[in-house]
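Biologist: Please take a close look at a single part of this model. After that, carry on to whatever else is worth a look.

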Amino acid sequence: MGITILGIETSCDETSAAVLEDGITLRSNIVSSQVDIHKKFGGVVPEVASRKHLENVHPVIMEALEQAKVTLKDINAIAVTYGPGLVGALLVGVAAAKAMAYALDVPLIGVNHLEGHIAANFLTRPDLEFPLLCLVVSGGHSDLVFMPHRGDYQLLGRTRDDAAGEAFDKVARAMGLGYPGGPLIDKLAREGDASALKLPRAFLEEGSLDFSFSGLKSAVLNYLNRAEMRQEEVNKADLAASFQQATVEVLVEKTLLAAERTAVKTIMLAGGVAANGGLRSLLQTRALAAGCTVVYPPLHLCTDNAAMIACAGYYKYLRGDFAPLTLNAVPALSLGEEKY
Amino acid sequence: MFVLGIEAATPVAAVAIVEDGRVLAERLVNNRRTHSINLLPMIKAVIEDAGLTPPQIQGIAVSFGPGSFTGLRIGLTTAKTLAWVWQVPVVGVSTLEALALPLAPQGQLICPILNARKNEVYASIFRGRAGQPELLKGPLAVSPRQLAEVLAEWEGQVTFLGDGVPVYQQELSDLLGERALFTPQAALLPRGAAVAELGYWQLAAGQGLSHLELAAQYIRLSEAEVKLAAKCGK
Ligand SMILES: [Zn+2]
């Protein structure tokens with residue numbers, strides 16, 4: 001057996017543990033979602049999430065070991081998400097990982113959640129050659145990241161207000177679609193006409209690689225309010241399609257601009273919104289025309305999971321980048337920064 | 001039997017090793033740093049202080065509430081994980097009972113109070129007794145005024161201790177007059193040794209749990225759950 005890493009992820013509302021061998025052989029990836037619990041609150045409630053993590057973390061880790069057919073003695077290192085995320089939620093995973101690393105006398109590896117999302121690509125494509133460009137889009141992030149080498153993250157652009165996934169969630173809530181919003185809008189958008197409604201696209205100053213989605217979100221909310229006041233029927237499919245198109249066009253446009261500027265030929269997608277069908281297909285088409293290839297993780301590895309944490313942890317293990325037992329949760333951890 | 005005691009339910013992080021109830025080593029910090037940074041290195045150190053190695057630990061006791069939600073989770077996650085990997089039983093100890101334990105033989109009323117914010121304290125009322133305090137009431141999450149009303153059920157002086165004292169000492173004195181006594185600062189803080197000792201008695205009585213069975217005693221719902229319940233009730 002090669003190098004076996006146990007990954008633990010508890011940064012938001014999924015409790016997850018995974019066993020990964022040699023960075024590519026995924027022996028297990030257990031994800032216990034709390035989505036049904038948070039649905040009734042209309043979003044993730046940090047205290048409720050933290051309580052669930054405490055209840056779930058051990059059963060989930062045990063199931064991951066069992067499904068991987070390994071015992072505690074087979075684990076070479078523990079990799080855990082220590083930020084960014086909800087502090088109370090992160091602390092459960094961090095405390096469990098530290099206690100395991102100490103009691104098993106194996107290295108502890110602190111992983112940045114975003115680094116994990118990016119690493120989800122290496123699980124299926126360990127052969128990808130640097131330099132690489134990654135668009136990380138999720139409920140909390142919309143980042144354009146340039147990676148000249150492995151482990152080197154340069155932030156080229158980020159959102160100045162709402163993250164893309166956040167805009168999806170808020171618009172879905174206002175449309176009465178429910179939570180989480182991304183998949184619901186994506187599904188509805190397939191039945192709608194993306195050119196039905198004129199919605200703003202925020203490209204910001206000339207050449208900027210930053211994003212802004214709050215104007216678009218407000219435009220949708222205003223549209224819904226006006227329709228309600230005039231008692232007009234809203235074509236939800238058209239609205240979903242037009243909103244999704246406006247979001248995706250800006251994301252794709254800026255990603256291609258970044259690729260051109262860095263002369264990168266391989267563009268990776270990462271994060272929960274990377275599962276969005278509209279984003280995948282538009283980026284594919286536009287990248288092809290620009291002579292770039294697009295790679296993205298399989299759907300189940302786009303959303304939060306521990307396999308991606310174990311994968312990022314594997315490359316840190318190879319570099320000998322270990323964390324001390326004083327490792328703390330860092331809720332606002334930036335990509336490329338280590339706080340231990 | 002060597003038992004590791006872990007206390008992280010209040011701003012104090014405290015750990016201890018007892019052998020059949022006798023304290024071998026103890027560490028305590030009240031330095032405003034998070035338990036997440038302090039706790040595991042302290043556990044490692046206290047085991048070394050006791051002259052032991054991890055395989056010699058035969059049980060773990062952890063203060064399981066009430067207290068700070070985050071602190072409880074750090075303590076419980078750590079205790080449950082160590083119990084699992086070391087394959088030893090774990091027990092939960094009341095944070096309030098651990099506070100009352102060192103005052104037990106005085107025979108009078110003891111009322112540990114923890115700052116629960118929102119003008120409330122977590123409190124239990126004990127009667128001092130040789131060996132282990134007798135629980136009369138609690139744990140409660142109440143305002144100082146409500147606590148004074150509850151205390152009217154019994155006669156005699158009440159000794160308050162815990163991190164709620166610096167916040168509510170004046171109010172409790174006003175409410176209870178000469179009935180209210182307060183311990184010196186040195187006895188105010190929760191101790192790992194008390195958690196370990198109470199845990200030892202439970203473990204010796206065969207009440208040890210598996211790591212999967214032990215849960216936190218928050219007493220309070222989260223605010224979001226309270227609001228949701230209020231909304232659904234209407
Ligand atoms: Zn994520």
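Which residue in β3(B) stands opposite Val18(B)?

Modeller: Val18(B) stands opposite Val23(B) in β3(B). The model is predicted, so local features need pLDDT of at least 70 and side-chain atom pairs pLDDT 80 or more, while totals for chains, interfaces and linings use all residues. Residues count from 1 along each chain, chains are lettered from A and ligands numbered from 1 as written, and side-chain values use heavy atoms, without hydrogens or water.

(Strands, of at least two residues, and helices, of at least four, are DSSP runs; pairing takes at least two bridges.) Together β2(B) and β3(B) make a hairpin, with 2 residues between them. In that turn, Asp20(B) has a positive phi of about 50°.

His113(A) and Asp304(A) link distant parts of the chain, being 191 residues apart. His113(A) sits in helix α4 (residues 113-124) of chain A, and Asp304(A) in the loop between β10 (293-295) and α10 (306-319) of chain A. His113(A) is buried, with a relative accessible area of 6% (buried is under 20%, exposed over 50%, with a 1.4 Å probe). Asp304(A) is also buried, at 15%.

Helix α4(A) turns up again in the lining of the largest pocket, where α4, β3 (25-33), α5 (164-174) and α6 (181-189) of chain A each supply at least two residues. (On a 1 Å grid, a pocket is an open set of points with protein on both sides within 12 Å along at least five of seven lines; a cavity is a set where a 1.4 Å probe fits but cannot get out; lining residues have an atom within 4 Å of a point.) The pocket is lined by 39 residues, and those nearest its centre are Ser138(A), Gly139(A), Asp169(A), Tyr179(A) and Pro180(A). Helix α5(A) gives the largest share, 6 residues.

The largest cavity has a lining that includes Glu115(A), Phe122(A), Tyr315(A) and Arg319(A). Two or more residues come from each of α4 and α10 of chain A, with the largest share, 4 residues, from α10(A).
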